[in-house]
Amino acid sequence: MKITIIGWYGTETIGDRAILAGLISIFNQAYDEFEVKLGSLNPFFSVRTIDEDRSLYEDLTGKKIDITIFNVKNSKDLSAAINDSTLVAMGGGPLMDLSELFMVEYAFKLAKKNHIKTALLGCGIGPLFQDKFKVSVFNIIKNSDLVILRDAQSKINLQEIFKQFRQDLNSLNVHVGIDPAVECCIKYSQVSTASPKKYIAVNVRDFPIDYSETDMVDTINDKVFAFVKKISKQYSDREIRLIPMSYFYLGCDDREFLNRIILQEELGNVVVQNRPLTLKSTMSVFQGAYFSIGMRFHAVVFQTILSGKNFILD
């Protein structure tokens, strides 16, 4: 089985890495033998993250997984990968107002034209505000043989897009399932346990401007700053560890925002995880925390499954 996975790789967050690990675990259960070609927007970065996570893939599957990385922005490389595949999959993450969405649309159209199966596996739908991106999502879905969304709200969002274009979503193969990162966390929890320690693990982020139609960034960020300060004072006897889910500036490196918090507030018991953690190390941190607080989607997924002692910032 030859599988090409595309998505937001090359700017991958820890969550994207968990999606990939979860897909590898799922493919391992479905196929005796398979190989993966991973389309990356910045291959040098994916080479590093894949190398860091290889031992986890082996833990989840009990075997070495063949992964080849190619430059998804090179149309010749992308076409070659697609034409040499049995399946082309969008590997999780949200379909939202990003110009890279057009790459996914191109890939799915080409695969469909060449009679190669296509699938969206554990994707979210939105936020989508601009019509050009809604059109792209519409075309991606129309060229998908299988769609598995990561939550019920995403299907509602997709139904609204199809109504806008006077099309019926119910005629297509669209399902609501789970994010592939859930599979990764469940499998990891089966091979790893951790006793609760004294620290509190907190994941917050600089609120993205493209997550809202109005400018809410300063208002929400001020509330996040105040929230961390309050937690620091309420649990003054514990270390508050600010845990990033992104360590690359093209993926909105969380460390810039987290360090702004401690520089502005001068909180003695709050520290930033500045040294990059692997996927496995990040899961271990959340698994072993006294309790956790999550703001990024996949931080919440990790904390809920690996510990359950967590609070969600929506």
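Modeller: Helices (H or I, at least four residues) and strands (E, at least two) are DSSP runs, numbered from the N terminus. This is a predicted model, so local features need pLDDT of at least 70 and side-chain atom pairs pLDDT 80 or more, while totals for chains, interfaces and linings use all residues. Residues are numbered from 1 along each chain as its sequence is written, and side-chain values use heavy atoms, leaving out hydrogens and water.

The part I'd pick is α11, residues 297-306: 7 of its 10 residues are buried, so the helix is largely enclosed by the rest of the structure. Those buried residues are His298, Ala299, Val300, Val301, Phe302, Gln303 and Leu306. What covers them? Counting contact as heavy atoms within 4.5 Å, the cover includes the helices α1 (14-30), α7 (180-191) and α10, plus the strands β9 (200-203), β12 (291-294) and β13 (310-312). Just past the end of α11, Gly308 takes a positive phi of about 90 degrees.

On the α2 side the contact uses Asp53, Ser55, Leu56 and Asp59, which meet Leu279, Lys280 and Met283 of α10. By class that is 3 nonpolar, 1 polar and 3 charged residues; Ala, Val, Leu, Ile, Met, Phe, Trp, Tyr, Cys and Pro count as nonpolar, Asp, Glu, Lys and Arg as charged, and the others, Gly among them, as polar.

Ile243 counts as buried, at 0% relative accessibility. Beyond its neighbours within four places in sequence, Ile243 touches, among others, Thr282, Val285 and Phe286, along with Ala201, Val202 and Asn203.

α1 and α7, also part of the cover, both give two or more residues to the lining of the second largest pocket, as do β6 (117-125) and β7 (146-149). On a 1 Å grid over the protein atoms alone, a pocket is an open set of points with protein on both sides within 12 Å along at least five of seven lines, a cavity is a set where a 1.4 Å probe fits but cannot get out, and lining residues have an atom within 4 Å of a point. This pocket has about 270 Å³ of space, where volume is the space filled by probe spheres set on points joined across faces, edges and corners. Of its 18 lining residues, the closest to the centre are Ile26, Phe27, Leu121, Leu146 and Ile148. β6 gives the most, 5 residues, and the lining divides into 12 nonpolar, 2 polar and 4 charged.

Finally, there is 1 cavity of 30 Å³ or more. Among the residues lining it are Ile14, Arg17, Phe45, Arg48 and Thr49, and its largest share, 3 residues, comes from α2.

Methods:
Buried < 20%, exposed > 50% of the residue type's maximum accessible area, 1.4 Å probe, protein only.
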